[in-house]
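Let us walk through this model together, one region at a time.

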Amino acid sequence: MPTWRKKVLVFRDLPPDQLARIAELHDVTVANPRLSPQRAAFDSALPSAHGLIGASFPISADLLARAPQLEVISSISVGVDNYDVDALKRRGILLCHTPGVLTETTADTIFALVIASSRRLVELANLVREGRWTKSIGDDLFGWDVYGKTMGILGFGRIGQAVARRAALGFGMPVLYHARQPVDVPMLTGKALHVPLDQLLAQADIVVVTLPLNDLTRGMLGKREFALMKPGAIFVNGARGAIVQEEALLAALNRGTLRAAGLDVFSTEPLPMDSPLRTHPRVTPLPHVGSATYETRQAMAELATTNLLQALAGQPPAAVYGN
């Protein structure tokens, strides 16, 4: 461990036990720059910071230029789209993240959206809550089966594979997936097929997005892609909102090409009050809660803290982005 204390800027709340781990070894400033009263403290601490730990705040090249002492950023996330990766590489600053610990939880959320969208669970729950359930429902409120339907998964990393296991092994669903190359997952042999994007869109009853956001995937799903989807398909996005051209998604929903959409992510978050997606009758919206369980958020904070402390001690961190 280091023989001298370094300066750490915590830019999102950490659990007290993880904050204590850092404070035992280093000088800590806690300042969330998204909160106006704390922005000045963040800006003041940035020039002397050796390490940053947090999430959900853009770290641009301009911001990095104001942090000449910086050695490591430990993100409490898997995705790194909030960070200027090229600028970090030029500076030799380590970028750590938290893969693995949120895989199963996020896959649970995605599959919950699949079921909720197909069976219209939120819509029907509101029927009961609002006192509109006065007789047995008719076929105008029936949902659609999930079991046995064909699932198409865009992206086949840890989370995509976890969703595929739930679909193929738990719900008897044929799985198609699109990725840069085929992935060997022994338990899914013969149950998950690597196919071109257009084939997946045309054949899948349920299309699920688990892709990372990068220059190749930003805006990847637009008018053309939604037009290719099977009539009556269900669309679920548990990745990043900016992968989808939301106007094209709305048009497909309004035309009835898409039966429904389950969305945990949006281009702008929190979702603006005037967004049509907020109240669209065919949309089941969630407030970006893919990994939001007590157990998983604690595990993410623990791994992020370990990454930070290892990097500041000159040791290889457990999870460096790109490794």
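Helices (H or I, at least four residues) and strands (E, at least two) are DSSP runs, numbered from the N terminus.

Before going on, please note that this is a predicted model, in which local features need pLDDT of at least 70 and side-chain atom pairs count only at pLDDT 80 or more, while totals for chains, interfaces and linings use all residues. Residues are numbered from 1 along each chain as its sequence is written, and side-chain values use heavy atoms, with hydrogens and water left out.

H12 itself covers residues 294-312 and has 19 residues. From its first C-alpha to its last it reaches 27 Å, close to the 27 Å expected at 1.5 Å a residue; the expected span is 1.5 Å times one less than the number of residues. Its buried residues include Met300, Leu303, Leu308 and Leu312, along with Thr296 and Asn307. After H12 comes Gly314, with a positive phi near 80°.

Now move to strand E10 (233-237). Which of its residues are buried on each face? Ala233, Phe235 and Asn237 are buried on one side, and Ile234 and Val236 on the other. Strand E9 (residues 206-209) runs parallel to E10 and is joined to it by 4 bridges, and Val207 has Phe235 as its bridge partner. Strands count as paired if DSSP finds at least two bridges between them.

A cavity is a set of points, on a 1 Å grid over the protein atoms alone, where a 1.4 Å probe fits but cannot get out; lining residues have an atom within 4 Å of a point. The search of the whole structure finds 1 cavity of 30 Å³ or more, and the largest cavity holds about 40 Å³ of space. Volume here is the space filled by probe spheres set on the points, which are joined across faces, edges and corners. E10 and helix H10 (246-255) each supply at least two residues of this lining.

Technical notes. Buried < 20%, exposed > 50% of the residue type's maximum accessible area, 1.4 Å probe, protein only. 1 Å grid on protein atoms, 1.4 Å probe; cavity = no way out; pocket = protein on both sides within 12 Å on 5 of 7 lines; lining within 4 Å.
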